[in-house]
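Subject: Structure handover

Hello,

Here is the structure you are taking over. My notes follow below it.

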Amino acid sequence: NAGVTQTPKFRILKIGQSMTLQCAQDMNHNYMYWYRQDPGMGLKLIYYSVGAGITDKGEVPNGYNVSRSTTEDFPLRLELAAPSQTSVYFCASSPRGTFSYEQYFGPGTRLTVT
Amino acid sequence: AQSVTQLGSHVSVSEGALVLLRCNYSSSVPPYLFWYVQYPNQGLQLLLKYTTGATLVKGINGFEAEFKKSETSFHLTKPSAHMSDAAEYFCAVSFSTGTASKLTFGTGTRLQVTL
């Protein structure tokens, strides 16, 4: 199993550009999550999904959109990039949402908006 | 709302010394607690977790943590630090909220191991 994969690893965007961060998992997990990590701030939840077709906002959803058309994929869309979105983005998945299950993380995407 | 506080953003220890990384939480319901480790330029990896049962939890790479309800703490320890332990460590708390549980992370503690 590849686990959770993310592409691209790095990206530089200009202000106002759009892009999609890709996330895929091959563990047949129902639950998937997007986090952003900023220095000294820990990880903040952006969006999450409990299954195909179902998504919900996390702590910091503004400026982002998600979709979940399949169990495997959970892309994160930035419509109008802003410098405040410079961050490292992590995708994670878990087999179900009960709190005893750990989340499995991808390697991250480092995004710079200039 | 639940929250997690990690005391000390940077901790430096000598190789072979005790590692102690502190984590305190607040939660209105019984928490489930996690420690994750992040090596440079990598994603997070689970070290250990507390769900129910024994309050002393053993994890990978010789780490362990003890859940102390009276102190609302879940400190991470390792008797003897190794150079390979240098990384960032995150404490996280979770509880079920309807359809999905979500993790609330602390701000992280960077562990430096010196010769």
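First, the pocket terms. On a 1 Å grid over the protein atoms alone, a pocket is an open set of points with protein on both sides within 12 Å along at least five of seven lines, whereas a cavity is a set where a 1.4 Å probe fits but cannot get out. Lining residues have an atom within 4 Å of a point. Points are joined across faces, edges and corners, and a volume is the space filled by probe spheres set on the points.

The model is predicted: local features need pLDDT of at least 70, side-chain atom pairs count only at pLDDT 80 or more, and totals for chains, interfaces and linings use all residues. Residues are numbered from 1 along each chain as its sequence is written, chains are lettered from A and ligands numbered from 1 in the order in which they are written, and side-chain values use heavy atoms, with hydrogens and water left out.

**Largest pocket**

The largest pocket holds about 610 Å³ of space. Its lining has 30 residues; closest to the centre are Gln37(A), Val88(A), Arg110(A), Gln38(B) and Asn41(B). Two or more lining residues come from each of β4 (31–38), β9 (87–94) and β11 (109–113) of chain A, and from β9 (87–97) of chain B. Strands here are DSSP runs (E, at least two residues), numbered from the N terminus. β11(A) gives the most, four residues. By class, the lining has ten nonpolar, 15 polar and five charged residues. Nonpolar means Ala, Val, Leu, Ile, Met, Phe, Trp, Tyr, Cys and Pro; charged means Asp, Glu, Lys and Arg; the others, Gly among them, are polar.

Asn41(B) sits in the loop between β4 (32–38) and β5 (44–50) of chain B.

**Interface**

Each side is listed by contact (heavy atoms within 4.5 Å): 23 residues from chain A and 23 residues from chain B. The buried area (accessible area, 1.4 Å probe, lost on being put together, summed over both parts) is about 1800 Å². Carbon and sulfur atoms give 57% of that area. On the chain A side that touches chain B, β4 and β5 (42–51) each supply at least two residues. β5(A) has the largest share, five residues. That side divides into 13 nonpolar, eight polar and two charged residues.

**Cis peptide**

Thr7(A) and Pro8(A) are joined by a cis peptide bond, with omega about -5°. Pro8(A) lies in the loop between β1 (4–7) and β2 (10–13) of chain A.

Best wishes

Definitions and conventions: Buried area = accessible area lost by both parts, 1.4 Å probe.
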